[in-house]
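My notes follow in the order I took them.

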Amino acid sequence: MSAATAKPGAAAAGKRIPPGEIHQSFLAYRGFRFLKWGIWLCLATILAYALHRPLTAPNGGTWLGYTLGTIGAALILWLMWFGMRKRSYGRIGRLQGWLSAHVYLGLALIVVATLHTGFEFGLNIHTLAYALMMAVIASGAFGMIVYAAVPEQMTRNRHGATVSDLMAKIAALDGDMRQAALGLDDRQAGLVLAAMNQVAIGGSAWRQLSGTRPNCATRLALRRITAADAVPEQRAQAQRVLGLLGERLEYLDVISRDLRYKALMDIWLYLHVPLSFALLAALTAHVVAVFFYF
Ligand code: HEM
């Protein structure tokens with residue numbers, strides 16, 4: 001089963017693109033069509049910049065500066081429009097095309113905008129707009145890598161099972177463990193009970209991202225219960241409980257890793273989208289400053 005089980009109509013319903021459905025293929029969409037477009041755009045920009053002979057040092061105010069600035073601003077508006085646009089697509093195929101264009105033309109923006117500046121940077125609103133743009137692009141590049149790599153790792157991690165399947169397996173193990181713990185002494189039975197009573201997985205965003213469970217009662221029980229400590233008539237039961245605890249821990253680890261992958265897929269958008277809006281505001285201020293104050 002795919003890492004993301006959302007249905008194709010989910011995009012049309014206003015959800016995020018199900019990463020399992022877009023992974024890898026959006027990068028190679030139609031024989032890397034948009035990668036080629038991005039490369040052509042970069043080459044044309046570099047060539048124009050190399051041939052350009054302005055009277056002053058190259059900057060955003062020459063005819064080429066204005067041209068590249070207009071292309072860059074148009075690209076930014078189009079890239080932002082993607083967020084709204086993707087919500088109106090029912091077909092994943094077309095959505096992949098838009099995402100592919102978003103990624104490659106977004107990356108080409110680095111060349112277009114940098115040459116638009118003519119490398120004139122300072123402590124001003126213009127450079128702030130540029131810095132925000134680079135931050136949006138960097139977060140997007142991180143998201144692209146996550147989307148391309150993580151869904152496959154998620155599928156491999158869960159071996160095709162869903163999180164509910166794994167929770168059901170843990171519940172079944174707990175039933176067996178409750179029985180087996182009856183044959184243990186009070187200390188060991190207490191450790192087993194504590195493990196079974198601890199159901200919470202996940203926690204804070206940081207905890208989910210790190211994928212760690214420092215106070216895992218199952219791990220603690222595994223460490224503290226040893227068959228050798230048990231009196232001879234309890235040894236077989238202790239051994240059985242240890243086997244069940246080991247299995248429980250494996251399932252818990254799989255779920256923790258799954259949550260970690262999901263958190264990774266989400267976290268970057270918390271930067272990408274707000275930074276995009278900050279960029280839009282800075283871009284507007286930049287354009288207003290250029291046209292009204294110069
Ligand atoms: C200035 C440039 C950029 C702007 C303004 C921008 C803006 C946006 C916006 C508004 C969204 C929609 C998010 C949502 O509503 O869920 C989005 C999605 C996305 N962006 Fe960008 N982006 C830019 C550049 C990039 C770059 C360079 C990359 C990759 C290298 C990238 C990767 C992505 C990806 C993978 C998504 C899809 C997220 C999803 O649907 O779950 N972006 N971007």
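**Helix H3.** A residue is buried if 20 or more other C-beta atoms lie within 10 Å of its own, exposed if 12 or fewer, and partly exposed in between, with C-beta atoms placed from the backbone. An α-helix has 3.6 residues a turn, so residues three or four places apart point the same way. H3 covers residues 63-85, which is 23 residues. From its first C-alpha to its last H3 reaches 32 Å, close to the 33 Å expected at 1.5 Å a residue. The expected span is 1.5 Å times one less than the number of residues.

**Ground rules.** I noted that this is a predicted model, in which local features need pLDDT of at least 70 and side-chain atom pairs count only at pLDDT 80 or more, while totals for chains, interfaces and linings use all residues. Residues are numbered from 1 along each chain as its sequence is written.

**Whole chain.** I counted 11 helices and 0 strands in the protein chain. Helices here are DSSP runs of H or I with at least four residues, strands are runs of E with at least two, and both are numbered from the N terminus. Of the 294 residues, 29% count as buried. I also checked contacts between residues at least 6 apart in sequence: 79% of them join residues at least 24 apart. Two residues are in contact if their C-beta atoms, placed from the backbone, lie within 7 Å.

**His116.** Is His116 buried or exposed? His116 counts as buried because it has 27 C-beta neighbours inside 10 Å. I located His116 in helix H4, residues 92-117. Setting aside neighbours within four places in sequence, I found His116 in contact with Gly60, Gly65, Leu68, Gly69 and Gly72.

**Helix H11.** I compared the length of H11 (residues 269-293) with expectation: its 25 residues should span 36 Å at 1.5 Å a residue, and the end C-alpha atoms are 35 Å apart, which agrees. Its buried residues are Ser276, Leu279, Leu283 and His286. What covers them includes H3 and helix H5 (125-158).

**H6 against H10.** Two packed helices are described by the angle between their axes and the distance between the axes. I found that the axes of H6 (residues 163-181) and H10 (residues 235-267) come within 10 Å and cross at roughly 160 degrees. Axes are lines fitted to C-alpha atoms, for helices over the stretch in contact, and angles run from 0 to 180 degrees between N-to-C directions. H6 and H10 are therefore roughly antiparallel. Angles under 35 degrees count as roughly parallel, over 145 as roughly antiparallel, 65 to 115 as roughly perpendicular and the rest as oblique. The residues of this contact divide into 12 nonpolar, 1 polar and 6 charged. Ala, Val, Leu, Ile, Met, Phe, Trp, Tyr, Cys and Pro count as nonpolar, Asp, Glu, Lys and Arg as charged, and the others, Gly among them, as polar.

I then looked at Ser164, which is placed in H6. Ser164 is exposed, with 8 other C-beta atoms within 10 Å. Its C-alpha is separated by 9.8 Å from that of Ile255, 91 residues apart along the chain.

**H7 against H9.** H7 (residues 186-197) and H9 (residues 217-224) pack at about 160 degrees, with axes 8 Å apart. That makes H7 roughly antiparallel to H9. I listed Leu191, Val192, Ala194 and Ala195 of H7 against Ala217, Thr218, Leu220, Ala221 and Arg224 of H9. By class this contact has 7 nonpolar, 1 polar and 1 charged residues.

**Positive phi.** Which phi does Phe119 have? Phe119 has a positive phi of about 65 degrees although it is not a glycine. Phe119 lies in the loop between H4 and H5 and is exposed, with 9 other C-beta atoms within 10 Å. I noted His159 as well, also not a glycine, with a positive phi of about 50 degrees. His159 sits in the loop between H5 and H6 and is exposed, with 10 other C-beta atoms within 10 Å.
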